[in-house]
Amino acid sequence: ASVKWQFSNDAPIYSQLIAQIKVGIVSGAFPPGERLPSVRDLATEAGVNPNTMQRALAQLEQDGLAFADRTAGRLVTEDTSVLDAVRRAQARVLIEHYYDSMAELGYARTEAAELLKEEHL
């Protein structure tokens, strides 16, 4: 599996890279304990400057999602608490997007939540 790189003009590429790699990690495209592709390979795949990708990966290290290993390169964390926290944060983003979209249709949050319960069953 790989990441489907997509960029929009509403946020810096750097922050979009971080978000998309996080999704790749929590979705299993980059499994826990596995080596991440090299900066150059990821940059080529995403069509971005290697320096920008390097900055994004460094931020993921600071966030505890990846760590550098002298011999193996950069590995995805196996810390399930970190992975669960990131998965929940990503879910919150999607939930907010749902509520925003529903608000555009004229639904209050409570109505949107109720509709979701009805449709989910």
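Q: Which residues of α1 meet which residues of α4?
A: On the α1 side they are Ala19, Lys22, Val23, Ile25 and Val26, and on the α4 side Leu83, Val86, Arg87 and Gln90. Bear in mind that this is a predicted model.

Q: What makes α1 and α4 oblique to each other?
A: Their axes cross at roughly 120°. Roughly perpendicular stops at 115 degrees and roughly antiparallel needs over 145, so α1 and α4 end up as oblique. The two axes come within 10 Å, and the crossing of α1 past α4 is left-handed.

Q: Why is the contact between Arg74 and Glu61 called a salt bridge?
A: The cut-off is 4 Å between a side-chain nitrogen of Lys or Arg and a carboxyl oxygen of Asp or Glu. Arg74 and Glu61 come in at 2.5 Å, N to O, so the pair qualifies. Arg74 sits in strand β2 (residues 73–76) and Glu61 in helix α3 (residues 50–62), so this bridge ties together parts that are 13 residues apart in sequence.

Q: What makes Asp84 and Arg87 a salt bridge, and where do they sit?
A: Their side chains meet at 3.3 Å, N to O, and the limit is 4 Å, so they pass. Both are in helix α4 (residues 80–104), three residues apart, and are separated by about one helical turn. Asp84 has 41% relative accessibility and Arg87 has 40%, so each one counts as partly exposed. Arg87 is also one of the α4 residues that meet α1.

Q: What does the salt bridge of Glu96 and Arg109 tie together?
A: The closest N and O atoms of Glu96 and Arg109 are 2.8 Å apart. Glu96 belongs to helix α4 and Arg109 to helix α5 (residues 109–120), so the pair links parts that are 13 residues apart in sequence. Glu96 is partly exposed at 35%, and Arg109 is partly exposed at 45%. Searching the whole structure gives four salt bridges, this one among them.

Q: Why is Leu94 called exposed?
A: Leu94, in helix α4, has a relative accessible area of 60%. The C-alpha atoms of Leu94 and Gly33 are 26 Å apart, with 61 residues separating them along the chain.

Q: What makes Val39 buried, and which residues does Val39 touch?
A: Val39 is in helix α2 (residues 39–46) and has a relative accessible area of 18%. That is under 20%, so Val39 is buried. Leaving out residues up to four places away in sequence, Val39 touches Pro50, Met53, Gln54, Leu57 and Arg74. From Val39 to Val76 the C-alpha separation is 14 Å, for residues 37 apart along the chain.

Methods. Residues are numbered from 1 along each chain as its sequence is written. This is a predicted model: local features need pLDDT of at least 70, side-chain atom pairs count only at pLDDT 80 or more; totals for chains, interfaces and linings use all residues. Side-chain values use heavy atoms; hydrogens and water are left out. Helices (H or I, at least four residues) and strands (E, at least two) are DSSP runs, numbered from the N terminus. Buried means under 20% relative accessible area, exposed over 50%, partly exposed in between (1.4 Å probe, protein chains only). Axes are lines fitted to C-alpha atoms, for helices over the stretch in contact, and angles run from 0 to 180 degrees between N-to-C directions. Angles under 35 degrees count as roughly parallel, over 145 as roughly antiparallel, 65 to 115 as roughly perpendicular and the rest as oblique. A crossing is left-handed if the near helix is turned anticlockwise from the far one by less than a right angle, and right-handed if clockwise. Contact means heavy atoms within 4.5 Å.
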